[in-house]
Amino acid sequence: MNKENVIQELKALAAEGMPDEPEVASAAPEAVPEGEEEAKPKKKAAPPEPRKNGLLEVDYAVKGVHVDAQVNSDQVVRAAQIADEAGMSLEAITGVDWIKDKEMEVIYDYSYTGGECFRLVVRARIPRDEPTISTISEVFPGANWHERETFDFFGINFEGHPQLEYLLLPEDCDFHPLLKDFKGC
Amino acid sequence: MSSQALSQHKERFELNLGPQHPATHGVLRVKLLMDGEYIVEAEPVLGYIHRMHELMGENRTWAQYLPNMGRLDYLSALSYNLGYVELVEKMAGIEVPERAEYIRVITTEMNRISSHLLWFGAFVLDLGGFTPLLYAFDDREQILDLLESVTGSRLTYCYYLFGGCYNDVEDDFLTGCLALIKRLRSRMPMYHKLVTGNVILKQRLEDVGPISAEMCRKYGATGPVLRGSGVNYDVRKNEPYSIYPELDFDVPVYSEGDSMARYMVRMDEIDQSMRIIEQAIAKIPEGPVMAEKVPKMIKPEPGDYYHAVEAARGTFGIRAVSEGKNKAYRMKLRSPTFSNLSLYQETSKGMLLADALALMGSLDLVIPEIDR
Amino acid sequence: MDLGINVVEMVIYLVGIIAFAAGNAAYLVWVERKGAAHIQRRTGPKEVGPFGLLQPLADGAKLMSKQIIFPDGVDKPLFMIAPLLAMVPAVMIFVTIPFSETIVARDINIGLLMIFAFASVNILALLLGGWASRNKYAVISAARGVSQNVAYEIPMLVITITVVLISGSMNLKEIVATQAGPFWNWNWLPLNGNFLGPITFIMFYICSLAETNRAPFDLGEAESELIAGFHTEYASMGFGLFFMGEYANIVIGAALTTILFLGGWYSPFPDTVPYIGQAGLWWFLIKMYLLIWLVVLIRWTYPRVTLWSLLNLSWKILIPFSLLNLLASAGLVKFLA
């Protein structure tokens with residue numbers, strides 16, 4: 001598996017999605033104020049800049065992954081194909097509800113099981129009012145259940161999914177528990 | 001499950017391997033469309049023991065979430081504990097003393113042996129051999145007694161804390177472990193002679209439920225399922241954590257991909273775990289078992305963190321999204337059996353019912369881990 | 001009017017046979033539970049009576065006190081007949097089995113034929129029980145059971161015909177009489193004209209295991225796949241009759257094996273040895289119970305075979321071998337005569 005190849009292709013992919021940004025490879029991580037946020041409200045610092053599309057090579061010892069890439073929501077299938085061609089396998093699909101940014105994030109974890117240790121994370125952000133993203137279950141059949149689970153918890157609609165029904169919650173359920181404004185039923 | 005398929009062929013019928021069934025090891029429901037004795041389609045239906053651990057992760061502080069880890073896969077709870085505490089230690093930059101690392105590895109490997117022994121007994125029970133279960137449980141009871149003397153629990157352990165272990169171990173725990181290993185070493189040939197070498201068992205397991213390495217990759221299967229298909233991947237070797245780099249052990253890999261290969265991988269893993277425990281006991285240093293400065297409130301830097309360990313069933317991964325607060329913003333638990341079971345629908349097409357159950361047993365399912 | 005029947009004798013035999021069949025069925029459960037327990041390093045029943053000997057009585061009382069449930073939509077007449085068909089023929093077969101030279105209820109000339117006629121009714125019990133239960137698991141189990149029973153009846157009958165050929169009669173007492181003497185005179189050795197010798201004995205034993213649905217051939221009631229197979233829906237005495245019928249069948253299988261191959265009531269030692277050289281009822285019982293103990297041991301040692309390997313064993317191995325044996329034995333008998 002050609003690690004450099006994967007990195008190059010993902011960089012190119014992420015660059016495609018952002019036509020007006022000159023250089024993406026060295027995007028800084030979120031500019032969060034250093035130190036802990038106190039429990040009592042303080043004078044707020046400027047809100048952190050949203051992370052731009054791009055690819056970061058992060059510290060494996062701290063973050064647990066080697067490469068962290070952010071792409072557009074319509075590019076996730078291509079990113080999955082890049083990972084598939086490199087011989088990686090899908091570990092997990094996670095959804096995150098960023099209610100303050102009015103967005104949801106879908107995180108794909110890929111890992112290489114063929115020998116060399118390489119972990120890849122691909123993220124995509126989608127608007128919270130209409131959470132739709134294409135399914136990668138054509139590329140990785142294992143994504144079928146992961147996407148169903150993410151649909152269960154967040155209500156994200158995976159376009160093209162063969163069977164987008166409730167997996168873990170009951171079939172007659174109509175709520176999505178992990179949304180931040182879910183108050184119980 | 002298409003109703004078209006049902007109506008076209010009048011000999012087909014739908015059978016429900018319901019949530020209450022002796023062979024599904026937990027509350028798993030499998031909707032079977034059968035043509036006589038052959039399975040046309042098998043669809044697992046999950047959610048009967050879904051307790052929403054991921055939402056609990058958002059409502060509890062990092063330290064309050066520790067007991068939840070034992071309830072996921074109760075048979076190898078210490079591996080899950082290990083994954084979670086190592087993740088938080090990674091995030092908060094807490095260093096663990098060496099003695100604590102050794103104790104962690106010893107207890108985790110003991111837990112792995114007890115999980116594999118239970119799998120062995122229950123698997124052969126599914127195939128109709130009622131007796132090995134009780135022999136395996138005899139050995140397992142001794143392991144449980146030893147671990148109870150150290151951790152206080154028999155099954156759902158919560159022994160590791162951020163920065164080390166809850167209690168120190170006494171010397172008689174270590175001698176007890178060595179005595180247990182000696183006894184288990186003398187029992188394993190008996191298991192192999194009576195069970196592995198049994199003609200009927202071989203007939204039931206060889207060439208049953210073939211899973212190729214490519215299928216494992218596509219579905220994300222890990223653990224003995226992956227190693228039984230010829231792929232040499234073990235998180236303890238490929239992405240070492242704790243003190244595994246200092247210990248010398250092999251990773252059993254069998255390339256046939258059938259149920260017998262997965263069976264042999266787990267039996268060999270018991271031997272390898274015994275080797276690890278012996279080496280760790282020989283090398284364990286004196287010292288403290290808790291780090292000196294563990295912050296009371298853990299507030300990691302905002303961002304995502306991921307950590308993976310090798311549980312008894314495969315790669316257990318946790319992804320924690322932190323906003324810098326004392327609680328997680330999102331706690332995602334990646335359970336190995338979830339991905340292992342997702343290939344069942346594809347693999348069991350066209351199999352005999354008895355073979356499909358042998359395949360399910362060889363995947364080593366623990367349903368609370370799938371449903372979380 | 002003299003019917004040739006002694007009424008008192010008949011009543012004694014009637015009561016005796018029913019008591020023997022029922023008592024065996026009840027106490028073999030105890031033997032099985034204790035045997036299984038000691039193989040599995042536990043103790044088994046020990047609370048009720050010394051060594052748990054009164055456990056079968058407690059179980060019987062419990063079963064009788066439960067309600068007989070008829071699930072919705074079952075075929076009631078068939079549902080009720082099935083357990084009877086499991087138990088009654090088993091008891092009937094005891095009528096012709098000679099326990100010793102003098103103890104036999106009815107010495108019928110074609111006793112062997114009657115035994116097999118009644119044994120075939122056992123399959124009906126399985127089929128009716130599974131079909132009438134209106135439960136898919138039961139139907140699958142009944143289908144498996146029928147194909148298994150049919151497949152194993154054939155080699156059983158062929159081997160029996162071989163023994164009849166060698167002994168020259170279908171009368172059970174005469175079959176035993178031709179084996180008079182110590183163990184080298186019995187039918188399990190080729191000396192008597194049985195071409196394949198001990199192999200035939202083992203084949204017959206395996207067939208009797210398969211006929212009675214005992215492990216490792218217990219696909220009909222594969223507990224971890226089909227819950228309880230054809231008797232899933234039966235409660236209380238319906239289940240009790242199936243259960244007792246199974247053990248009665250095991251006793252019959254063992255008794256038949258003893259008569260056909262192990263010389264019935266003859267002692268394995270020559271006549272000249274004092275005490276233990278005497279033929280009698282007790283040798284018959286010892287041989288029969290040793291075979292039954294072996295059945296129990298086999299159940300708790302081996303896992304279950306799959307349906308295909310079960311049918312393969314019968315159609316591809318047992319039937320050709322038993323037919324070969326029959327032809328060769330017929331040739332030998334002609335040659336030696």
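In chain B, residues 24 or more positions apart account for 72% of the contacts with a separation of 6 or more, contact meaning heavy atoms within 4.5 Å. The model is predicted: local features need pLDDT of at least 70, side-chain atom pairs count only at pLDDT 80 or more, and totals for chains, interfaces and linings use all residues. Residues are numbered from 1 along each chain as its sequence is written, chains are lettered from A and ligands numbered from 1 in the order in which they are written, and side-chain values use heavy atoms, with hydrogens and water left out.

Chain B holds 16 helices and eight strands. Helices (H or I, at least four residues) and strands (E, at least two) are DSSP runs, numbered from the N terminus. The radius of gyration of chain B is 21 Å, close to the 21 Å that the globule rule gives for 372 residues, so chain B is as compact as a globular protein of that length. This radius is taken over C-alpha atoms, and the rule is 2.2 Å times the number of residues to the power 0.38. Along the principal axes, the C-alpha atoms of chain B fill a box of roughly 70 × 50 × 35 Å. Of the 372 residues of chain B, 68% count as buried. Buried means under 20% relative accessible area, exposed over 50%, and partly exposed in between (1.4 Å probe, protein chains only). Chain B exposes about 12,100 Å², of which carbon and sulfur atoms supply 51%. Accessible areas come from the Shrake-Rupley method with a 1.4 Å probe; for residues, only the protein chains shown count as cover.

Helix 15 of chain B (residues 353–362) is mostly covered, with ten of its ten residues buried. Among them are L353(B), D355(B), M360(B) and S362(B). D364(B) follows helix 15 of chain B and has a positive phi, near 60 degrees. L161(B) lies in strand 4 of chain B (residues 160–161). L161(B) is partly exposed, with a relative accessible area of 27%. Residues up to four places away in sequence aside, L161(B) touches L66(B), V85(B), E89(B), R104(B), Y166(B) and M290(B). G287(B) is 126 residues from L161(B) along the chain, and their C-alpha atoms are separated by 16 Å.

Two pairs of chains touch, and the most contacts are between chains A and B. Chain A and chain C do not touch; their nearest C-alpha atoms are 25 Å apart.

Chain A carries an open sheet of five strands in the order 1-2-5-4-3, with mixed pairing. Two strands pair if DSSP finds at least two bridges between them. The edge strands are strand 1 (54–57) and strand 3 (88–98) of chain A, each pairing on one side only. On average, neighbouring strands of this sheet are turned by 20 degrees against each other, direction ignored. Axes are lines fitted to C-alpha atoms, for helices over the stretch in contact, and angles run from 0 to 180 degrees between N-to-C directions.

Strand 3 of chain A has eleven of its eleven residues buried, so this strand is largely enclosed by the rest of the structure. Strand 3 and strand 4 of chain A pair in the antiparallel sense over ten bridges. Their hairpin has four residues between the strands, and K102(A) there takes a positive phi near 55 degrees. Strand 4 (residues 103–112) and strand 5 (residues 119–127) of chain A run antiparallel, joined by nine bridges. Y110(A) is the bridge partner of L90(A). In strand 5 of chain A, Y110(A) has L120(A) as its bridge partner.

Helix 1 of chain A (residues 3–16) lies across strand 1, strand 2 (67–71) and strand 5 of chain A. Helix 1 of chain A runs at about 145 degrees to strand 1 of chain A. Helix 4 of chain A (residues 143–154) also packs on the sheet, touching strand 3 and strand 4 of chain A. The direction of helix 4 of chain A makes about 10 degrees with that of strand 3 of chain A.

In chain C, the axes of helix 1 (residues 7–39) and helix 9 (residues 236–261) come within 8 Å and cross at roughly 95 degrees. That makes helix 1 of chain C roughly perpendicular to helix 9 of chain C. Angles under 35 degrees count as roughly parallel, over 145 as roughly antiparallel, 65 to 115 as roughly perpendicular and the rest as oblique. Residues of helix 1 of chain C including F20(C), L28(C) and E32(C) meet residues of helix 9 of chain C including F243(C) and Y247(C). E32(C) is buried, with a relative accessible area of 3%. Neighbours within four places in sequence aside, E32(C) is in contact with R214(C), Y247(C), V296(C), R299(C) and W300(C).
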